[in-house]
Amino acid sequence: MRLVDSHCHLDDEQFDGDRDAAIVRARSAGVETMMAIGTGSGPPDLEAAVRLADRYPFIYATVGVHPHDAAKATAETFTRLRELADHPKVQAIGEIGLDYHYDFSPRPMQREVFERQLALAAEKGKPVVIHTREAWDDTLAVLRTRWQGGGIMHCFTGDEQQAREALDLGFHLAFGGVLTFPKAEAVRQAARITPADRLLVETDCPYLAPVPRRGKRNEPAFLVETVRRLAEVRGAAMEEIAEQTTGNFERLCLRAWAGNS
C-alpha cells in the first residue's frame with residue numbers, strides 16, 4: 001500500500017528524541033508521503049514544517065496561524081506567510097479556522113486572522129486546511145462568504161449532516177484516529193457517505209492515536225490502523241482506501257491548483 005498522512009505535527013517536541021526513527025517507521029509501514037503542518041508554536045516562528053520539508057523529499061508543508069495563536073499575529077506575520085507560501089514544498093495554508101473550546105485567542109481576533117489567511121490562500125492559489133472545534137456554524141459562515149476554493153476539513157469529527165455541508169462547499173474530509181474510537185459511530189457514518197474522491201486520512205500526530213494504540217503518542221506509522229478501520233466502515237479493501245486517499249491528496253495538494261477540488 002502507498003499511504004499519505006495528510007496532517008502530522010512532526011515538529012512537536014514529543015518527537016525530539018526519535019523524530020528520524022518515527023519517520024523511518026512510517027515509511028516502513030507504507031506511509032510514503034507526509035504533510036507536516038506548519039502552525040508549530042505560533043508566531044513569530046512560522047517555518048516549523050518548512051524545515052522538515054527541506055530535509056526530506058517525501059515531506060510537504062503547510063504554513064499558517066492556528067486559531068489558538070491568533071492573538072500573536074502581527075503585520076510581519078502576514079508578510080512572512082505570504083513569502084513562505086511561495087516555497088516549493090508548501091502545498092496549503094493551514095491549519096486555520098476557529099476554536100471555541102479553549103478560546104486561547106479572542107473570538108473576533110480568531111475570525112479576523114482566519115479571514116486574512118483565506119484571502120492569502122486565494123491570492124496564492126493554495127487549498128486550505130481547516131481546524132474547527134465547537135465553532136462549526138461560524139466556521140461554515142466564514143467559508144461561505146470568504147472562500148471559493150477547495151481544501152481539507154482536518155480531523156473530521158462531525159456527523160453526517162455536517163459532512164454533507166462541508167462536501168457541498170467543495171471540501172475533502174480527512175479522517176483520523178477518532179474514526180476508530182468505540183463511541184464515534186457518527187463519525188463513521190460521515191465516513192460512509194463521503195464520496196470516494198473526497199476522502200483523506202491523517203494522524204494529527206502526536207495526538208489522537210487510533211485503536212489499538214489509543215493512549216500512546218501517535219505517529220505516522222499508526223495511520224495503517226485508521227485505514228484498516230475506514231476500509232471496514234466502507235466495505236472496501238485497505239488497498240482500495242489507500243489508492244483513493246493517496247490519489248485524492250496528490251490531486252488536491254501536489255499539482256497546480258486552480259481553485260477547484
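Residues are numbered from 1 along each chain as its sequence is written, and side-chain values use heavy atoms, without hydrogens or water. Local features need pLDDT of at least 70, side-chain atom pairs count only at pLDDT 80 or more, and totals for chains, interfaces and linings use all residues.

**Exercise 1.** Find where pLDDT stays under 50.

*Solution.* Start with the whole chain: pLDDT (the predictor's confidence in each residue, from 0 to 100) averages 96, and 97% of the residues score at least 70. Next, look at residues 256-261, where pLDDT stays under 50. Where pLDDT is low, the predicted coordinates should not be read in detail.

**Exercise 2.** Describe the salt bridge of Asp-86 and the setting of both partners.

*Solution.* A salt bridge is a side-chain nitrogen of Lys or Arg within 4 Å of a carboxyl oxygen of Asp or Glu. The partner of Asp-86 is Lys-124, with the closest N and O atoms 3.0 Å apart. This pair links distant parts of the chain: Asp-86 sits in the loop between α3 and β4, Lys-124 in helix α4, 38 residues apart. Finally, check accessibility (buried under 20% relative accessible area, exposed over 50%, partly exposed in between, with a 1.4 Å probe on protein chains only): Asp-86 is exposed at 51%, while Lys-124 is partly exposed at 23%.

Note on methods:
Contact means heavy atoms within 4.5 Å. Helices (H or I, at least four residues) and strands (E, at least two) are DSSP runs, numbered from the N terminus.
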